[in-house]
Amino acid sequence: MKQAPKHPVRLERQGNVALIVIENPPVNALGVAVRRGIAAALNAAVAHDKTDAVVIAANGRTFPVGADIREFDMAPQEPSLGQLCNLIERAQKPVVAAIQGTALGGGLELAMAAHYRIAAKSARMGLPEIHLGILPGAGGTQRLPRLIGPELALDMMLTGNQVGAGIAVEMGLIDLVTDNDLRTEAVAYARSVAVTRPTSANRTHLVDGVGYMASVAARREQVTMELGVNALAPHKIVDCVEAALLLPMETGLEVERSAFEDCIASRESEGLRHAFFAERAAAKFPEATEAKPAQVDRVAIVGGGMMGSGIAIAALQSGFTVTLVEQGESGVNAALERIGAYYERSVAKGRLSEAQGAAALTHLQLTNKLDTLGEADLIVEAIAEDFDLKAQMLAEIGALARPDAVIATNTSYLDLAALAEASGRPADIVGLHFFAPAQVNKLVEVGVHDAASAQSVMTAQGFVRALGKTPVRARVHAGFGAGYIGNSILEAYRHAADIMLEDGATPAQIDGAMRSFGFQLGPYQVADLSGLDIAYARRQSKPRDPDARYVEIADKMVEHGWLGQKSKRGYYIYAEGQRQGVPNGDVLKLIAEHRAQKGITPRKFSDRDIRDRILLAIVNAGARLLGEGVAARPSDIDVVMMLGFGYPRSRGGPMMDADATTPSIIASRLSVLEPEEPALWGAAPVLTMLAQERQKFADLNAG
Ligand code: T1G
């Protein structure tokens, strides 16, 4: 993020109104220079005898979006945001906050400390601290209930949801919404309140605070039920609102300060803050120094199956004009049906209005002819994961697409460089590995091969960002990493699980252990979801590693026709229309027979054994991807595992988890490949740790 300009706060004057203007691009984060600037400007303004009222405004796209999150790991610098808010609230002249864009977190707290708030009609506001494992720590938990009541305040703080200006004025969060020039309206409003309504008295107890205690208690129950007794920030938020109901403001602020410090020090908040910055770091590609994304308005998608239709929906939702090419009349109709059903569901659930759904579909053209590809700025080939079919299709697309168009292939296993060669224009080819369902999942791996031009890579990266998704760069080559980052790690993860399955664990036990660690689904539930035949085809297509232990259980499952949810039977059995299965007893028999054939005497595994082995496998695979340059930084691996595979976000991802105390060491490139290769070694301590873990892992596997 750009450094704050020299003076990120200016003091201007319009007649008897002083204007404090914040300018700290890109989001006016309230770093220490900004806080000091506002405090100095406010003191000067209030002391000036010509000042009857003060307006706090911000230049740029938004009113402050919050405290500067990067300061949380540094020594506190005064004034804290809480101290600044108290200074504003105690000012002896009325202060008006002028809100545009998204006033979030500490930004909204600053506005709530002002005596009045006026917002542009398009403005939104919220307190998203919960997503960082913390709580509003600058008076928000004490002021918000006094403005909108404890129930609505708890809703806003426990969900982190934003509200629009119209709703905000109805709730009592702001005083006025304007369609006119915000700055002008704010000055006029300040001038009027200066005369009619001096500074509002210090906000006191809520009326009938005790009357709300039952609902606060009920909310605490709900938090425990839904998030567990250890969900620190949510419970602390309820405690703070309770303090607002029962205690004077000063004491309530002390309760909040102590609760905030507990949360900010928690491992969960450290993980969530790491995740926030990791997602933004991932979008920083080295190619950005050589090229900017080309403008993309018209997108063509070749292949209207589940993935192609999902990508089409994501593109339509982001305002692109979309041509979807499917072969044959039936293919086109099936794609149209799939997309139509998505919009019907979205309208039925209130996610979209009828008009919005209809409008989106006007930007969709369905065809079974490739000759329309010449109009597209970017083409995504999303046909079946079959090398020959893709190579042939990319050759046809390469011949039809405009010379300046970028061509992306949706693959995550196939040899990208070879596919690029087959297209006849390798510089224009980029890999885009969307994660299903493509219209929902935020993650897209951007596959980069040797011949890809910086322009093509950055255009593909810009397209992914325009979809509102998180691009993660994978420098792909055949061999380890051919599955990009996610699927390469998933293979290692599954291999570790399969070894334990063969040695004595059950699918349900392994799944349960990984769910209790925090994954939404265990590895065998994921296998059933994605289809056992997909991975089976991949295993059959690649040569076996003679040095690695091969577990045939999954192959035998496919040979029995147990393909997972698609066949209603896999590691679990699925009743009609059910996605939650029950363990498949026949699989346990198959595994027992398999062990007997291989002379394996089953052994017990604790949940901790299962978890440690799988986490070690993930971290070692991640270290290998770093060492081979497939992943640019450890936090990219964290982003892929969190967004693509449900790794618990509160842990910040596997590489952050592996050694939470030294992420900067992990950040250097490292390898657990060949100790003799000093060029690849990055950080001895972590390598020693990983080598020890690898040995532990090997010992574990040796049984
Ligand atoms: N602190 C520091 N940097 C921030 C930041 C913040 N609060 N918000 C954004 N950035 C950086 C971001 O890293 C990126 O940097 C650039 O700004 C553009 O952001 C006391 C304790 C507002 C919805 O949680 O949700 O206040 O990559 O890419 O997609 O109670 O930024 O360019 O180097 O995300 O348009 C509470 C966090 C803080 C809001 C805009 N506030 N920000 O999204 O841009 S805690 C938040 C966002 C707090 C108080 C508590 C989003 C956005 P770079 P971006 P965007």
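**Surface and charge.** I began with the accessible surface of the protein, which comes to about 29700 Å², with 55% of it belonging to carbon and sulfur atoms. I note at the outset that this is a predicted model. I then looked up the charged side chains and found 70 positive and 81 negative ones. The centres of these two sets lie 3 Å apart.

**Overall dimensions.** I took the box along the principal axes; the C-alpha atoms fill roughly 90 × 60 × 55 Å.

**Fold content and packing.** I recorded 28 helices and 19 strands in the protein. Of the 703 residues, 53% are buried. I also looked up contacts between residues at least 6 apart in sequence, and 71% of these join residues at least 24 apart.

**Helix H25.** I next turned to H25, which covers residues 634-645. Its 12 residues should span 16 Å at 1.5 Å a residue, and I found the end C-alpha atoms 16 Å apart, which agrees. I checked burial, for which the cut-off is under 20% relative accessible area. In H25, 12 of the 12 residues are buried, so the helix is largely enclosed by the rest of the structure. Among the buried residues I list Asp636 and Asp638, together with Ile637, Val639, Val640, Met641, Met642, Leu643 and Phe645. Pro634, Ser635 and Gly644 are buried as well.

**After H25.** I finally looked at what follows the helix: Gly646, with a positive phi near 75°.

Methods: Residues numbered from 1 in each chain as written. Predicted model: local features only at pLDDT ≥ 70, side-chain atom pairs only at ≥ 80, totals over all residues. Heavy atoms only, no water. Helix = DSSP H or I, 4+ residues; strand = E, 2+ residues; numbered from the N terminus. Expected span 1.5 Å × (residues − 1). Buried < 20%, exposed > 50% of the residue type's maximum accessible area, 1.4 Å probe, protein only. Contact = heavy atoms within 4.5 Å. Areas by Shrake-Rupley, 256 points an atom, 1.4 Å probe, with all protein chains shown as cover. Lys, Arg positive; Asp, Glu negative; His and termini not counted. Charge placed at Lys NZ, Arg CZ, Asp CG, Glu CD.
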